[in-house]
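Let's take a walk through this structure together, strand by strand. Keep the picture open beside you as you read.

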Amino acid sequence: MKREEIPSHAVELGIKFGATDVAANLIESDQTMIRFSNNEVTASKNFREVTINVFVMIERQRAGFTFSILSSKALERAMKKLVKMAKISPPADVYAPLPKGPFKYDPALLRPPRVSSDSNELVNYVREAIDGASKCGAKRVAGSLTATNASMVLETSSRASAVQRRSSLEMSVRAFVSEIASGHSLSIALSQRDFEPAEAGRRAGEIAKMALNPTEGQPDRYTALLGPMVFAHFVNQVGIQSSAFMVDAGQSFLIDKMDTRVASDKFTLIDDPTLMDTYGVRAFDDEGAPTKRNIIVEKGILKTYLHNSTTAKKIEAETTANAGLIMPTPWNLVVKPGEKSFEEMLSEIDEGIYVTNNWYLRYQNYRKGDFSTIPRDGMFQIKNGQIANPVRDLRISDNMLKIFQNVRELSKERLWIKWWEVPIPTLAPYATVEDLSFTKSTM
Amino acid sequence: MEDLTRLALKTAEELGASYAEARFQSDIRESIVLKNGVPEVSVIEELKGFNVRVVYKKSLGFSSTNIISKRTVKDAARRAVNIAKAATNTIRKGVSMSGEKLGEGKVEIKPRIRFDCIDLDSKIQLLKEADKAAEELANEAKAKLPARMFILDTMKTEKIILNSDGANISSIIPRAALVAFLTAYHPQKGSAQRFFNLGEAAGWEAVEKWNLPKLLGEEAQSLSKTIMEARSPPEGEMDVVLGPEVIGIVCHESCGHPAEADRILGREAAQAGETYLNKDSLGMQVGSNVVNVVDDPTLPSSFGFYLYDEEGVKAGKRVLIKEGVVNEFLHNRETAAVFGVQSNAASRSVAYDREPIVRMANTFLEPGDHSKEELIEGVKHGIYIKNFMEWNIDDRRFHERYVGLEAYRIENGELKERVRNPILEITTVGLWSAMDAVGKDLEFQAAYCGKGDPMQGIPVWTGGPHARLTKIRLGGAKA
């Protein structure tokens, strides 16, 4: 049995053993990661994997199996076990058949160009990033470069059938001018043509240089200028919590907010996996439905939750083609740009804080949106429309809905963000947010 | 699989690696999910494969594959060496491994009740029973539980670890784990949420011991009482008694993570960050003399259990803070070589396709001599924070925040009414230095600690007894 035939064989076996619906995909990936710190490579890694995911339904009874076996006999045993597991599973509340194919997918979305996985070439990218930061004065540079070439073969019992190729380059680079003065930047791209490791290094180095000798920040409410990495982190929260599964599980501040204002009218958020030549592009979801552009928030109004067939059926809606067989998920988040430049937005703030990056975002209450997160890397006081001095040791402690409702301005410049803290690729602008609460340690 | 693991190791050595290790790892997980009383899909995940890690001219290379054959494991060895070779020109200091006496043998936890003795329906019925108990007790407290989610995982991890310095370890570890998420709601009083994990390296007997219907009923009842009864916390300077759940996360975040030697060396700088400690911090006073924090992978049935790490080093208790003084860092062989010390077996990896890095196992405050009652009796004006929801810490592990969930005011040594969301926002040294008394009880909680790139969420326990902090200034409650 050829590798690419495994999903269709799994579907046949699933139906033969008694399933009403089967979706099977095989993901074959070749990924190389170069990690570096203190200006040198610390670990070089290559992962080659073939993973098979099969999901079966016997109407309301459902089960899933992830495995890596490749022989015909082993597949038959696995499918028997899986269907048996579904048969003994208690029924769920609804049965939503998989979307009926066959479907036509946009061929341009199915086949992005491959990227090089040549180790020497990748090490050179790392050198470019380190050099870019060092030229700006960075003493130490750390980060990771990831090159991925993968393909996914999908077959469903409802006649969805396709092969999606995926390739990407990701550079995450953090520059240190001192132990407590650092900057972070990224370059993520689908092709070598758009990949800018040196520029990512330069941006990280510039922030680090500006952040030298920070003073302790004072807790207060400020007008905040959030860099694209911070705003993308917050936008990820909206995207992920717009999943109907998260709403149903009580892990969303968007519960009971459909068609109501959840953000200022400056904010429009679209999940667009059909946007050519961007990181999160894909032609179909895990149920085989052709992906589409979904407006999640339009001028501040929540327009849709993200659905797979099952979550959609529960509220008698249509799938948005965001399956996740269990949990719908956003693919490729795009924030509509504003009209002003970063410099114009900065010039309009009399007194405020500019935050370039953050991490460790945790909720006290997902349903309400109360949370805190910690700025890291360069953070700066803004005085009279200019960056004044670097500050440190502040925490953003606020409410996610309030933050989005207090968005006053978005920049026309946007950056693609995806890194350790931001899992969903997001095209994010700078954002001016009024009245943001900053706290700090008391002793 | 041992033959293939040995073939991978031999191939890497023949290709010129100065150090080589090969690991076979199989992780099988069965998950059931109950959301709002309704079963979601049941899932089995079988992840198994090989990895090869090498040092070639001081350059570290790693490769993995889940296609299991002689050809693919030899190819994995070749890829590990080749990718290490490609980076040799960038290496200045590079990587070497500390010399260690390495283990040989087999480690196996035999479950008293095997997971496959419990059918799927029984597992789901148990969660349904717990769900029902939670709803009933919330109703008794006059609140609703509009969102409930429970994920019950049963897992088995098998490893074979061989390296060119003589390690030969195999292990079989079962684990049971529960993730619970509850939302209590009242139209006038608002909502509150509770998230927690349970986990042990054991068979189904662990799940039976947890008594989920009783536990989740009590959790739901307490959560409901919090939204119905809790008032704003007092302000000003006061004493604070922390419960074992809060002490556990404090130990993990502000003692275990800062003591990881790879952070000290900057190896995690771009992701999980660094630490306020440096190579010369051993002997530094960071807390009062009642503070003794340890990390011990060998605790029987602990979620972070192991007896040999991924590099074949025998595990034992690590004393991170002794009487308030930084006493020991967490090392693998790579960091130990840089520091000129022996590894204390902190090298862990979560799957066949993840490199082993420095990790905690079971990190906790060692018990003292006070009962919980004595700790509270010693407080004239203060609060008791039993558990928490929100927390975070900066990437140098110095500025942290814990927001209490179930919490009470203390007046003249007695627990009074519940208080809502008391905020402990404090520095690491400020917190540990304010500790004046430690309880003699000891409890553990399960967690998945995140670190590495790609991310590795690894099973750990966090824990400790009750403990008291003096002269704390709490943050204000949220509106």
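Find A:G64 to begin with: its bridge partner is B:V43, which sits in strand 3 of chain B. This is a predicted model, by the way, so treat what follows as a reading of a prediction. The two residues belong to a pairing that crosses from one chain to the other: strand 3 of chain A and strand 3 of chain B (residues 42-56) run parallel, with 4 bridges between them.

If pairing is new to you, strands in a sheet are held side by side by hydrogen bonds between their backbones, and they can be parallel or antiparallel.

Now stay in chain A and step over to strand 2. It is joined to strand 3 (residues 61-67) of chain A by 7 bridges, and here the two run antiparallel. One spot to look for is A:V56, which stands opposite A:A63 in strand 3 of chain A. The hairpin made by these two strands has 2 residues between them, and A:E59 takes a positive phi near 55° there.

Strand 2 of chain A has another antiparallel partner in strand 1 (residues 21-37) of chain A, and that pairing counts 17 bridges. Look for A:I34, which faces A:S44 in strand 2 of chain A. This hairpin, too, has 2 residues between its strands, and in it A:N38 takes a positive phi near 50°.

Strand 4 (residues 59-65) of chain B runs parallel to strand 2 of chain A, and 5 bridges link the two. As an example, A:K45 stands opposite B:F62 in strand 4 of chain B.

So is strand 2 of chain A largely enclosed or left open? Of its 19 residues (40-58), 15 are buried, so the strand is largely enclosed by the rest of the structure.

Finally, head to another part of chain B. There, 6 strands make an open sheet with mixed pairing, in the order 20-19-16-9-25-22. Strand 20 (414-418) and strand 22 (435-438) of chain B are the edge strands; each has a single partner, so one side of each has no neighbour in the sheet. From one strand to the next, the twist averages 30°. Within this sheet, strand 9 (residues 237-242) and strand 16 (residues 381-385) of chain B are parallel and share 4 bridges, and B:D239 stands opposite B:G382 in strand 16 of chain B.

Note on methods:
Residues numbered from 1 in each chain as written. Chains lettered and ligands numbered in written order. Predicted model: local features only at pLDDT ≥ 70, side-chain atom pairs only at ≥ 80, totals over all residues. Buried ≥ 20, exposed ≤ 12 C-beta atoms within 10 Å, placed from the backbone. Pairing = 2+ DSSP bridges. Axes fitted to C-alpha atoms, helices over the stretch in contact; angles between N-to-C directions.
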